[in-house]
Amino acid sequence: MANTIQLKRRVSGVAGAPAALKSGELAHNEVDNTVYVGKGDDGSGNATSIVPVAGSGGFIALVGTQTVGGAKTFSLVPKSGQDASSGTDLVRKSQVDSLLSAKAPLASPTLTGSPTAPTAVAGTNSTQIATTAFVNDAIAGFGAGDMAKSTYDTDNDGKVDAAEIADAVPWSGITGKPTSFTPSSHSHSIAQITGLQATLDAKAPLASPALTGSPTAPTATAGTNTTQIATTAFVAAAIGALIDAAPGAMDTLNELAAALGDDPSFATTVTNALAGKLSAASNLSDLPNKTTARSNLGLGSMATQNANAVAITGGAINGITLDGGTF
């Protein structure tokens with residue numbers, strides 16, 4: 001069986017170098033397809049910098065198709081500072097900015113000088129720009145009109161004469177009005193209203209009513225503890241909640257006592273029984289004899305060595321995998 005050595009690696013997630021490497025340690029990030037190496041030594045074996053050394057994710061290929069992401073800075077501007085002049089030249093940002101500065105935006109442009117536009121056809125009523133020629137033609141076609149003030153407001157009170165008629169309307173000119181009007185208040189005794197006394201006698205008073213038959217009321221929400229009337233359904237629900245769906249063999253106090261072995265000191269009995277057990281939170285640190293326990297489990301001396309300082313003397317190691325882990 002062949003041995004396997006794996007670099008520290010990342011198969012998904014964030015692109016880029018690991019946060020830390022040992023000096024000379026390699027790491028491969030499959031997200032950006034780049035191999036990184038730890039460079040330098042801070043005196044403790046840790047690299048002082050991490051640099052890309054291989055992979056299409058870290059370098060631009062001289063041939064073939066490749067996607068280049070992020071902002072790129074050139075030590076020399078394209079064409080040694082000259083503007084692009086052919087289809088294969090790179091365009092400098094300053095050249096693009098210069099070309100765009102002379103253009104107006106589509107949204108809310110601020111035009112200067114004397115901008116012009118095609119004159120719309122007379123009578124156009126849309127969002128098309130109106131030129132001065134369109135406005136002048138529209139005014140000329142409108143004419144002086146026939147609403148002369150001297151004709152329609154002869155008394156010069158700011159109202160069209162015909163509208164003044166509506167300022168005052170005679171009562172006889174109002175249509176749809178009622179023939180009579182209900183008085184605003186009434187004064188009648190109970191005896192004057194047919195059947196009112198008998199209806200009141202059949203009602204229960206608010207104070208200490210003596211109800212008969214099978215009176216009902218809204219069932220209060222479970223847990224209500226107020227002066228609201230409790231229905232039989234509320235009582236049944238409260239008792240059911242007290243039993244809390246206990247099985248038939250444990251829904252009485254006698255049955256519960258029997259389940260506890262009729263032991264009045266049940267809590268003490270259980271506590272004493274648990275005192276002789278190992279604590280889960282101690283993670284076996286409370287073993288009375290750890291050496292004997294390891295021997296019973298068949299563990300040798302390697303079981304007591306630290307993971308970062310395992311010493312192996314003699315023997316052979318075959319078919320192993322050395323794994324640098326992930327980052």
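Where does R10 sit in this fold? R10 is placed in strand β2. This is a predicted model. The protein has 8 helices and 6 strands. Buried residues account for 9% of its 327 residues.

**Overall layout**

- Read from the N terminus, the elements run β-β-β-β-β-α-α-α-α-α-α-α-α-β.
- The accessible surface of the protein is about 26600 Å². Carbon and sulfur atoms contribute 59% of that surface.
- Take the contacts between residues at least 6 apart in sequence: 21% of them join residues at least 24 apart.

**The salt bridge**

- The whole structure holds 1 salt bridge.
- E25 and K8 form it through their side chains, at 3.4 Å from N to O.
- K8 belongs to strand β2 and E25 to the loop between β2 (8-10) and β3, so the pair ties together parts that are 17 residues apart in sequence.
- K8 counts as buried because its relative accessible area is 18%, under the 20% cut-off.
- E25 has a relative accessibility of 21%, so it counts as partly exposed.
- As a general point, side chains of opposite charge can pair when their charged atoms come close.

**R10 and D32: buried charges without a salt bridge**

- R10 is buried but has no salt bridge. Its nearest side chain of opposite charge is D32, 7.6 Å away.
- A salt bridge needs a side-chain nitrogen of Lys or Arg within 4 Å of a carboxyl oxygen of Asp or Glu.
- Beyond four places in sequence, R10 touches G16, H28, N29, E30, V31 and F327.
- D32 lies in the loop between β3 and β4. D32 is also buried and without a salt bridge, and the nearest side chain of opposite charge is R10.
- What does the side chain of D32 reach? It reaches the backbone nitrogen of G16, at 2.8 Å.
- G16 is also among the residues that R10 touches.

**The loop from β3 to β4**

- N33 is found in the loop between β3 (26-29) and β4 (34-39).
- N33 is not a glycine, yet its phi is positive, at about 55 degrees.
- With 36% relative accessibility, N33 counts as partly exposed.

**The loop from β4 to β5**

- G45 lies in the loop between β4 and β5 (49-54).
- G45 is partly exposed, because its relative accessible area is 23%.
- G45 and K22 are 23 residues apart along the chain, and their C-alpha atoms are separated by 5.7 Å.
- Leaving out residues up to four places away in sequence, G45 touches K22 and S23.

**Nonpolar surface patch**

- Which residues form a nonpolar patch on the surface? They are V169, W171, I174 and F181.
- Together these residues have about 470 Å² of accessible area.
- F181 is located in the loop between α3 (149-152) and α4 (196-201).
- F181 counts as exposed because its relative accessibility is 61%, over the 50% cut-off.

- D263 sits in the loop between α6 (253-259) and α7.
- A polar atom of the D263 side chain lies 2.9 Å from the backbone nitrogen of S265.
- D263 has 26% relative accessibility, so it counts as partly exposed.
- L284 is in the loop between α7 (266-275) and α8 (290-297).
- L284 has a positive phi, near 70 degrees, although it is a residue other than glycine.
- Is L284 buried or exposed? L284 is exposed, because its relative accessible area is 52%.
- N289 caps the N-terminal end of α8. A side-chain oxygen of N289 lies 3.3 Å from the backbone nitrogen of T291.

Key
Residues are numbered from 1 along each chain as its sequence is written. This is a predicted model: local features need pLDDT of at least 70, side-chain atom pairs count only at pLDDT 80 or more; totals for chains, interfaces and linings use all residues. Side-chain values use heavy atoms; hydrogens and water are left out. Patches are made of residues with over 30% relative accessible area and no salt bridge: like charges are joined within 9 Å, nonpolar side chains (Val, Leu, Ile, Met, Phe, Trp, Tyr) within 5 Å. Accessible areas come from the Shrake-Rupley method with a 1.4 Å probe; for residues, only the protein chains shown count as cover. Helices (H or I, at least four residues) and strands (E, at least two) are DSSP runs, numbered from the N terminus. Buried means under 20% relative accessible area, exposed over 50%, partly exposed in between (1.4 Å probe, protein chains only). Lys and Arg count as positive and Asp and Glu as negative; His and the chain ends are not counted. Contact means heavy atoms within 4.5 Å. A polar contact is a pair of N or O atoms within 3.5 Å; within protein, one must be able to donate a hydrogen and the other to accept it, and residues adjacent in sequence count only if both atoms are side-chain atoms.
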